[in-house]
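This report concerns side-chain interactions and local backbone features. The sequence and structure are shown first, and the description follows.

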Amino acid sequence: MELSSDRLLRNQPKARKNNQGPSRFKLGAKKELAERERKLGLIRTPVMSCYRIAVISLKGGVGKTTTTMALGATLASERQDKILAIDANPDAGTLGRRVRRETGATIRDLVQAIPQLNSYMDIRRFTSQAPSGLEIIANDVDPAVSTTFNDQDYRSALDVLGRQYPIILTDSGTGLLYSAMRGVLDLAHQLIIISTPSVDGASSASTTLDWLSANGFADLVQRSVTVISGVRETGKMIKVEDIVAHFETRCRGVVVIPFDEHLAAGAEVDLEMMRPKTREAYFDLAALIAEDIARTQQGFGNPNMQYQQHPQQGYAPQQQPQQPYAPPGGAPEPGQAWQRPAPGQGWQQQPAPPQEPQQQPQQGVVPPGWTQQ
């Protein structure tokens with residue numbers, strides 16, 4: 001019998017009411033609301049070139065998959081465009097268990113079908129969609145099969161997926177030496193390092209940063225974000241503030257995620273089921289990530305560029321070689337959300353022009369177990 005959410009969860013709570021935004025009765029709520037609007041503006045930064053986020057940790061069970069799902073759901077619900085999460089864990093990753101599956105297809109199936117993937121709807125057959133709009137591509141539940149998803153497979157998948165999804169999150173494995181991890185690091189714009197409020201969790205996260213810095217990814221480390229996941233308000237043993245202070249000296253930012261029973265259950269992630277403090281923490285994380293999205297998009301031409309319609313093929317900029325991810329008319333007006341494609345529809349793009357050169361691996365020592373492609 002399948003160990004599903006419906007079978008294992010008891011007394012499932014109803015969605016919380018008013019689960020976002022500051023209370024208007026709070027002292028200083030006007031200032032709080034203005035700050036939230038500033039962060040929302042960041043989160044809705046238009047994306048002209050696919051932005052890739054890698055969630056990594058040397059240690060298992062620290063909340064890596066939970067962070068991938070919750071951050072992806074937050075971005076999808078606030079941006080209202082297409083956000084994708086991929087399970088690249090070689091040890092039978094569990095990302096596919098955190099959403100109601102709409103397909104039995106896996107990332108390996110998608111790689112095999114790449115020659116036939118010419119549009120968004122071709123890819124949509126391989127994804128499952130959460131209530132937030134976040135789409136996920138699962139991995140095989142059999143570790144012996146999932147390990148066959150290697151570095152070249154990952155790069156090929158990202159090349160195809162990056163033409164249809166403006167933001168892609170990768171839930172990686174618990175090591176740094178398996179094959180696909182090389183592509184994950186080489187192609188990532190943003191790293192999220194996961195720690196727990198524990199001695200071994202924090203030490204493992206710090207060791208991860210040491211290894212990355214020593215192997216050619218120092219710039220990625222400096223721009224990375226550390227997430228301290230599952231912090232209990234009643235915890236007395238660990239000085240969480242000291243863990244935060246340590247990673248603030250090593251990363252661009254640190255976000256503390258409070259313990260949440262809904263997330264701890266390991267079932268489907270639903271933003272409406274989270275405690276308000278937890279949801280707000282992921283909102284802050286999304287805003288912090290969006291600061292770097294804004295940085296990467298600065299070199300992509302005039303944001304007010306006019307778009308030319310191509311019959312049956314969607315919209316493409318007249319001068320920009322990279323496809324934009326906005327509907328006709330470009331980015332929305334300030335304060336307005338982007339609209340996600342209606343069910344059964346996709347934003348068609350014109351056949352891809354000559355591809356820009358694939359990002360070159362960063363220089364550094366090739367770790368044991370990796371071979372040059």
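## Salt bridges and local features

Asp151 and Arg155 form a salt bridge in which the closest N and O atoms are 3.0 Å apart. The model in which this pair is found is a predicted one. Because they lie four residues apart in helix H7 (residues 151-161), Asp151 and Arg155 are separated by about one helical turn. Both residues, Asp151 and Arg155, are buried.

In general, side chains of opposite charge can pair when their charged atoms come close. Across the whole structure, a search finds 18 salt bridges.

| Salt bridge | N to O distance |
|---|---|
| Asp151 and Arg155 | 3.0 Å |
| Glu272 and Arg279 | 3.2 Å |
| Arg36 and Glu78 | 4.0 Å |

The salt bridge between Arg36 and Glu78 has its closest N and O atoms 4.0 Å apart. This pair links distant parts of the chain, with Arg36 in helix H2 (residues 29-43) and Glu78 in helix H3, 42 residues apart. Arg36 is buried, as is Glu78.

In the pair formed by Glu272 and Arg279, Glu272 is partly exposed, with a relative accessible area of 31%, whereas Arg279 is buried at 10%. A network of salt bridges links Asp219, Arg223, Asp292 and Arg295.

Charged groups also meet aromatic rings. The charged end of Arg232 sits over the ring of Phe259, 3.8 Å from the ring centre. Over the ring of Tyr165 sits the charged end of Lys82, at 5.8 Å from the centre of that ring.

Two loop residues complete the description. Thr103 is located in the loop between E2 and helix H4 (107-112). With a relative accessible area of 18%, Thr103 counts as buried, since the cut-off for that class is under 20%. A polar atom of the Thr103 side chain lies 3.0 Å from the backbone nitrogen of Ala105, and the side chain of Thr103 also reaches the backbone oxygen of Arg125 at 3.4 Å. Leaving aside residues up to four places away in sequence, Thr103 touches Arg125, Phe126, Thr127 and Ser128.

Gln80 occupies the loop between helix H3 (64-79) and strand E2 (83-87). Although Gln80 is not a glycine, its phi is positive, at about 65°. Gln80 is partly exposed, with a relative accessible area of 21%.

Key: Residues are numbered from 1 along each chain as its sequence is written. This is a predicted model: local features need pLDDT of at least 70, side-chain atom pairs count only at pLDDT 80 or more; totals for chains, interfaces and linings use all residues. Side-chain values use heavy atoms; hydrogens and water are left out. Buried means under 20% relative accessible area, exposed over 50%, partly exposed in between (1.4 Å probe, protein chains only). A charge sits over a ring if NZ of Lys or CZ of Arg is within 6 Å of the ring centre and within 35 degrees of the ring normal. A polar contact is a pair of N or O atoms within 3.5 Å; within protein, one must be able to donate a hydrogen and the other to accept it, and residues adjacent in sequence count only if both atoms are side-chain atoms. Contact means heavy atoms within 4.5 Å. A salt bridge is a side-chain nitrogen of Lys or Arg within 4 Å of a carboxyl oxygen of Asp or Glu.
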